[in-house]
Amino acid sequence: MDYFQHQLNQWADWQAVQTSTTSFEPLIRQIYASENEPFKVLEPVKSDFAAVFQAGGLDVAIFPPANVAPNTRDRYQTERFSLTRLQRLSVAAPTLKHAGFIFDAYQFYYVIYQPLLGVPLTNFKTTAKPLAKQTLGRQIGQALLQLNLDVTSFNQVDQAAVSNYADWGQLGPDFAAERTAYLAAHPAVPNQLVHGHLTGDNIIVTTGQVGFQHFQTAIQAPKAVELVPLVLSAFACDPDFVAGLQAALGRADLVADLMLGLLWRADGPKWIKQLWGTTPATLAALQSVLTAQLNGK
């Protein structure tokens, strides 16, 4: 008899059971038994892709089967690779305990890890003083110097191809050509490990250090890609956070890095529209807007 009893024909079927402890308990009990882990009462954890549950001091993420999520193996491999690498580099992140797959009604990939405990940056920054922000910005920069290094391929995603396929034309009739010319004139190392979504909820402030979580969508890309959500969203261009980050990275001017990062991102058009609105954009205008944002104007 299968441990997972639900029929999954489309993504909506997965979403319907994604947080159901009743649906996943038999499957997770079997996984824990195979890994010699004591089973605990399950508590669902919010996730936009995997079915994630807290069980005692560990979290288990069950990835959807490939018939409803064709990229599931890439996301599993990315999470496993990233957590293994960060543990080796002593960068604070969830501690991977087990990873594998189980053949049941479907083939389910899974990872079991000890979550990173602390305060999300989103909460930390609401009461942080300027010196604390500068210190944290510096710590994040130091962690990125370890994270954003060259790596060999760990999934099947070609980030350059994905970025080129994005709808850059929506930003104006000449923007796509400007982008192509800019990237040709500013070559970048394309195979650095980039988390890609360092928003306030994925940066965790712990005692004496800072860490990162949720690596399923990490990519190989230039390290400048990392700065877009970090500076524009997590920091919201706060001058104290930015000053600490710049000190750690040794970058006097982040505008060029943000320009490169935006143009390399598959979601670059979305970020640029948030900065610029609906008016057709140009690279010169984008540079001006980024400069103003970083100068607090």
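What follows looks at the pocket, the cavity and the nonpolar cores of this predicted model.

## The largest pocket

Let's begin with the open space. The largest pocket holds about 790 Å³. Its lining is made of 26 residues, and those closest to the pocket centre are Lys-46, Ser-47, Asn-202, Gln-213 and His-214.

By class, this lining counts 10 nonpolar, 10 polar and 6 charged residues. Strand 2 (51-55) and helix 3 (72-89) each provide at least two of the lining residues. Helix 3 is the top contributor, with 3 residues.

Around it sit Phe-154, Asn-155, Val-157 and Gln-159, together with Ala-218, Ile-219 and Gln-220. This lining splits into 4 nonpolar and 3 polar residues, with no charged ones.

## The nonpolar cores

The largest nonpolar core gathers 70 residues, and the members that touch the most others are Phe-212, Leu-230 and Val-231. Helix 8 (residues 224-234) gives the most to this core, supplying 8 residues.

Leaving out residues up to four places away in sequence, Phe-212 touches Val-91, Ala-92, Ala-93, Pro-94, Leu-116, Ile-140, Ala-143, Leu-144, Leu-147, Leu-198, Asn-202 and Ile-203. One of these partners, Asn-202, is also among the residues closest to the centre of the largest pocket.

Methods
Residues numbered from 1 in each chain as written. Predicted model: local features only at pLDDT ≥ 70, side-chain atom pairs only at ≥ 80, totals over all residues. Heavy atoms only, no water. 1 Å grid on protein atoms, 1.4 Å probe; cavity = no way out; pocket = protein on both sides within 12 Å on 5 of 7 lines; lining within 4 Å. Nonpolar A, V, L, I, M, F, W, Y, C, P; charged D, E, K, R; others polar. Points joined across faces, edges and corners; volume = space filled by probe spheres on them. Helix = DSSP H or I, 4+ residues; strand = E, 2+ residues; numbered from the N terminus. Core = buried A, V, L, I, M, F, W, Y, C linked by side-chain atoms within 4.5 Å. Buried < 20%, exposed > 50% of the residue type's maximum accessible area, 1.4 Å probe, protein only. Contact = heavy atoms within 4.5 Å.
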